[in-house]
Amino acid sequence: MADLKILVPVKRVVDFNVKVRVKADGSGVDLANVKMSMNPFDEIAIEEAVRLREAGVASEVIAVSCGLVACQETLRTAMAIGADRAILVESDADLQPLAVAKLIQAVAAKEQPQIVIFGKQAIDDDANQTGQMFAALMGWPQATFASKVVVANGMATVTREIDGGAETLEMKLPAVITTDLRLNEPRYATLPNIMKAKKKQLDTYKPADLGVDVTPRLTTLKVSDPPKRSAGVMVADVKELVAKLKNEAKVI
Amino acid sequence: MTNLVIAEHDNASLKAATLNTVAAARKIGGEIHILVAGSGCAAVAEAAAKIAGVARIKVADAPHYAEQTAENIAALVVAHAAGYSHILAPATGAGKNLLPRVAALLDVAQISEITAVDSPDTFVRPTYAGNAMATVKSADAVKVITVRTTGFDAVAAEGGSATIEAVAAAADLGLVKLIGREITKSARPELGAAKVIVSGGRGLSSGEKYHQLLEPLADKLNAALGASRAAVDAGYVPNDYQVGQTGKIVAPQLYIAIGISGAIQHLAGMKESKVIVAINKDADAPIFQVADYGLVADLFQAIPELIAELN
Amino acid sequence: MSNYSAPLKDMQFVLRELAGIERVAQLPGYEEATADVVEAILEEAARFASGVLAPLNFSGDQEGAKWHDKSVTMPAGFKEAYAQFIEAGWNGLASEPEFGGQGLPKLVAAAVQEMWKSANMAFSLCPLLTLGAIEALQLVGTPEQKAAYLPNMISGKWTGTMNLTEPQAGSDLAAIRSRAVPQGDGTYKIFGQKIFITYGDHDMAENTAHLVLARTPDAPEGVKGISLFLVPKFLVNPDGSLGARNDAWCVSIEHKLGIHASPTCVMAFGDGGGALGTLVGQENAGLKYMFIMMNAARFAVGLEGLAIGERAYQLALAYARERVQGRAIEGSTGPVTIVHHPDVRRMLMLMKSQIEAMRAFSYTVAAAHDAAAHHPDADERKRSQAYVDLMIPVVKGWLTETGNELAYLGVQVHGGMGFIEETGAAQHLRDARITTIYEGTTGIQANDLIGRKIAREGGATLQGVIALMRQTEAELAKQGGAEFAAIRAALGQGIAAVTQAAEYIVANYAGDIRGVSVGAVPFLKLMGIVAGGWQMARAALVAQAKIAGGDADPFYPAKISTTRFYADHVLSTAPGLAHAVVNGGGGAMALAEEML
């Protein structure tokens, strides 16, 4: 396929190794001086896109991120993995999934990608929405939670994880794919590519340039610690144990 | 205020997750309707009508809903969305696939995986992998919500008598084609990915006893089998069963430690498990210090009892 | 097994604020090493270290390298990890771009190497030895040797070894007996046995370039008659393809206290008729080349001390935060985690503070190395080189001695569990042990320091360094508060101790070389402790400025407190060491040998 662009939205989030702490005043989690990285599901998305380009299926991979100027680092990481160029939609607003979906829609209008690969969810807000929302806005088919992607002859055949198993969908391009963990194992960026990433093209837009209203629809009233693990209890017999597991812990 | 709950089903039977979702709708208040979209799904509609506290069942029965693809179902929901203040689905794979699409078509936010309802427009939901609970308030006219089933006790499946009405199907968008669907057989899951792990230690006394006692329990719970280093060293099971600092680090929903004393190296490998059960005949075993539920008992009696109790 | 997470925050702090990465990036040839690129490099190296190398550290130690039929099989996973390592291009980080390297500064390489060594020291030795061989060929290889070997070695497709030691010649290279017989066509046949050859054979690469010290038939006796030869495992055809297996074989591997995954080989050259080799550089100049390469090798081994200390610290800290044992000494309702106990806290702080001091000190030496190699001003190059030459034995000696102490503390924090191999703390202690021995023992480093680096030039370079230290002390005096008063007092005392000991060495070296040499190692430690304290003081000053500028990062107050701890617990030992240097010579020599 000579001219097939893949757009990959990536999000800058708290590194998955960081154990976040809720702020004492309940206004959110403490993000000061915390290590930030690319959302792990988005890394899988970049990897998949780069593999499709390396396989000759796609012609170009464009990473796009919406958020602070610091998202440039995340985009450089995407380009070190192999994205050809990047777009930053710069905003210091609280960008919620619907707003991001609309921003990506505007970027897609400029770039005309045939495939947009999202991570299935970001590990900060755990929303799991943006890919589906973007697909709806575009009127495109969606293959969420993908564990295998094959693209040929203008079609995508995607195996996706469903509760208790997997299903395979076939759809005409353009289409949206969101990645699950098992789709691939992202590569380590090579040193030469890390150094080249700095020289790759990175364009910046503002939401206003794209004509998108990013006003948040949800207000976070407070953030609190999850319920503490209750102290362990001793049970008298097997009956009591099973009852607790069923009714209290709800794990069986 | 009227809630529309999207039924989770496989055309033949209604899934229990729907009951938890109805429970969340009840917390919100107002009338509750259920949308059953499928093909040949009359039995599902009938089951839904019996759910306590539900007023109406809307059934869209058409061949192009057989696979319940997000594209077609979202279009259907949007076509029937008028008049609803809340649209809810369970936060299952299907619900998470569908509702963001509905929300975007309605130009409203979606609220994911709520675990509590504070008021009709304010909800609690986990963020940062459950390490922070956010209370969020929606400014949208329609609240589109997925419901974490463990946050809400299921309502009774019986006792209701909702009216069932057929509603018009929307057009088939024909965007996707299902090629195949495979539900995983209950082959034993991998240790690293299992939701439940049954793990045995030297208390089991032999490899033979390990398999004889633990395998039926693991089958019952669709659990992976693990072991302490002591059990591995004693030759009960191969190396790749080992949970612990030098083995696999696991964090299942449920970890059942049987005849494991709880050496610190073992604890390092499983202490992040959501619920830990320890069964040991030694009441002083350190494993009880990390267990959520402890049972001091003779394993050779307790495990068969446990299997019987689960049946 | 235990996780390794690269201490990126402290590394970045040292690179930016103490070692001056931005100044290094302004040196000709290092323009690409801008702060953002270096940050990206460090982050990806950190991912690689913890994701690929660290998980093999414990299993590699348990399994060990295996020898059979004159060849070595690496522990499970090493071959794949090495393939990933070279695929990612890490091998060529600091090598010449002409042959495929990235030409990055030594300062960046130091931080990246620290990660490899922390993650998996036994693994890291393979690329380290290759680097040594690359350096030799870059320096004095013929154009043919460079063309045939450098691209493959810089990519890591081929590895390299250094063959110096022979059974009868340990630290004393003058005793080398291996022979090189010219064949009349420009090649030589090499005969002899070499021992302690790190990665002399393994299954991770298709070819290995052995650099071998040997004597030509008419070479003069002693160190002036040693030449350097390139002897490949497989001969290389003119078209670059691999030819016949050369007569260079690993005939056994050592069973060692540590670094079990790193094969330490006995190499037999020429048992089957002669190993074909080519001369590297000039005949009889082998030892000179070794000396030129020595700084890099000694610096790298010094980093091993830092790196193992860091890994041991991470392991001990994680354990101390988790292990519940005993009630608090001041009273508590239940048992507490051991990190609560004052003595455990003291041990962890000894680890943390000395790690940070070693890192700051060694990275600044790396930056000086970059200036010595690339600064446009000749005087500046010379000044920097003198500083590097002075400090190399300190980097090697002090970092490795301290690394051993920290690995010891790592075991101690674990208590009885530390003595059990499964915990992993014991491995660090065993792996650390070699670092004070190979590439010149601490005694050899210390003799080099007091003799060649201080006495020979009357202490001139050191005096310049002391003047810089005094400037830092003056800066400290301008700060308020008890922390800075304590830091200043301890640094001042440390500088005075170095000054006194160095004056004694300069004054008495010629007259009482044996007595002065007894104080060599105490002096090396004194130098390390004070140089480390100097850099910590600079770090505290930077931290204070950040705080004054409104930066709320808790890293900065922690840096000041850590420096204060170092001042009270480590720098405070400086006068005792100076005392040993100045007064301790006679005592060591007083007894008749039979009374020992």
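How many residues does the contact take from chain B and from chain A? In this predicted model, chain B contributes 71 residues and chain A contributes 68 residues.

## Interface of chains A and B

Between chain B and chain A, about 5,600 Å² is buried, and carbon and sulfur atoms give 56% of that area. The rule finds seven salt bridges across the interface of chain B and chain A. One of them joins A:Lys250 to B:Asp153, with the closest N and O atoms 2.8 Å apart. Polar contact across the interface of chain B and chain A comes to 34 residue pairs, with both residues at pLDDT 80 or more.

On the side of chain B that touches chain A, helix α4 (residues 93-106) of chain B gives the most, with nine residues. Sorted by class, this side of chain B has 37 nonpolar residues, along with 17 polar and 17 charged ones.

## Strand pairing between the chains

Strands from chain A and chain B also pair with each other: β12 (residues 218-224) of chain A runs antiparallel to β8 (residues 132-138) of chain B, over six bridges. Within this pairing, A:Lys222 stands opposite B:Thr135 in β8(B).

## Helix α2 of chain A

Helix α2 of chain A covers residues 71-81. Its buried residues are A:Cys71, A:Thr74, A:Leu75, A:Ala78, A:Met79, A:Ala80 and A:Ile81. In an α-helix there are 3.6 residues a turn, so residues three or four places apart point the same way. Just after α2(A) comes A:Gly82, with a positive phi of about 150 degrees.

## Chain B as a whole

Chain B contains nine helices and 16 strands. The C-alpha trace of chain B spans about 65 × 40 × 40 Å along its principal axes.

Of the 311 residues in chain B, 57% count as buried. Among contacts in chain B with a separation of 6 or more, 65% are between residues 24 or more positions apart.

## C:Asn120 in chain C

Where in chain C is C:Asn120 found? C:Asn120 sits in the loop between α6 (106-119) and α7 (121-140). C:Asn120 counts as buried because its relative accessibility is 1%, and the cut-off for buried is under 20%.

Leaving out residues up to four places away in sequence, C:Asn120 touches C:Leu53, C:Leu56, C:Asn57 and C:Phe78. For C:Leu53, the backbone oxygen lies 3.1 Å from a polar atom of the C:Asn120 side chain.

Methods: Residues numbered from 1 in each chain as written. Chains lettered and ligands numbered in written order. Predicted model: local features only at pLDDT ≥ 70, side-chain atom pairs only at ≥ 80, totals over all residues. Heavy atoms only, no water. Contact = heavy atoms within 4.5 Å. Buried area = accessible area lost by both parts, 1.4 Å probe. Salt bridge = Lys/Arg side-chain N within 4 Å of Asp/Glu carboxyl O. Polar contact = N/O pair within 3.5 Å; in protein donor to acceptor, adjacent residues only side chain to side chain. Helix = DSSP H or I, 4+ residues; strand = E, 2+ residues; numbered from the N terminus. Nonpolar A, V, L, I, M, F, W, Y, C, P; charged D, E, K, R; others polar. Pairing = 2+ DSSP bridges. Buried < 20%, exposed > 50% of the residue type's maximum accessible area, 1.4 Å probe, protein only.
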